[in-house]
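Dear colleague,

Please find the structure below, handed over for your records. My findings follow it.

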Amino acid sequence: MSETTLKNNTRRSTFSIAHTAVLIVTIGLGCFVSFGWIFSIDTLIRIVPTWSGMNPLTATLFIVYGATMLLARRELRTATIIGSFVIAVFTGTRIAAIYNLLPWSPDLLLFQYKIFAATAPSRMSLLTAGSFLLLSTSLLCTLNARMRRYKIPQALTGTSVIFATIALLGYMFKGTVILS
């Protein structure tokens, strides 16, 4: 084996380990928040005590997205399609509910009474729903060689990162306008 090939294999291996670690942290975060909602442990629901808590549907979507990405890495097309579809349906209906196109909202399916009983109701924001919708679309695009060639999945994921950053800045600086 040449030195260049060895460096590339080491780089791929390091990236693969880091990618798997990030996905496990994503799934773990969703599990911790879900555990917090199930057992009413406020410190697990909120990242920072002054922020509103993570919505239970958001936590569930973190778990679904992380698991779908792990399965996508193993090239399980059906699991990738199903996971992406589940994420797209829930986030698409949340976006429709934000714009009053639906009389109900999917982010209230789990723990509705606990959400409204909290000091700051934990609703899924438009930016969060949009990020998950972009990520699920990106996953579907990875299944198509032409989309991969034109870097469509990377563009969608990059846009999702921008949305998530705006949402995070909104939480940090209490920007309720961009988070509602």
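Which backbone oxygen lies 3.1 Å from a polar atom of the side chain of Asn55? It is that of Asp107. A polar contact here is a pair of N or O atoms within 3.5 Å; within protein, one must be able to donate a hydrogen and the other to accept it, and residues adjacent in sequence count only if both atoms are side-chain atoms.

This is a predicted model, in which local features need pLDDT of at least 70, side-chain atom pairs count only at pLDDT 80 or more, and totals for chains, interfaces and linings use all residues. Residues are numbered from 1 along each chain as its sequence is written, and side-chain values use heavy atoms, with hydrogens and water left out.

Asn55 is found in the loop between α2 (42-45) and α3 (56-73); helices are DSSP runs (H or I, at least four residues), numbered from the N terminus. Asn55 is buried, at 2% relative accessible area (buried means under 20%, with a 1.4 Å probe and protein chains only). The side chain of Asn55 also reaches the backbone nitrogen of Leu57, at 2.8 Å. Not counting residues up to four places away in sequence, Asn55 touches Trp37, Asp107, Ile115, Ser122, Arg123 and Met124 (contact means heavy atoms within 4.5 Å).

Elsewhere, helix α4 (residues 77-98) packs against helix α6 (residues 126-141) at an angle of about 150°, their axes 8 Å apart (axes are lines fitted to C-alpha atoms over the stretch in contact, and angles run from 0 to 180 degrees between N-to-C directions). Therefore α4 is roughly antiparallel to α6 (angles over 145 degrees count as such). Among the residues that meet are Ile81 and Ile87 in α4, and Phe132 and Leu133 in α6.

Kind regards

Terms used:
Helices (H or I, at least four residues) and strands (E, at least two) are DSSP runs, numbered from the N terminus. Angles under 35 degrees count as roughly parallel, over 145 as roughly antiparallel, 65 to 115 as roughly perpendicular and the rest as oblique. Buried means under 20% relative accessible area, exposed over 50%, partly exposed in between (1.4 Å probe, protein chains only).
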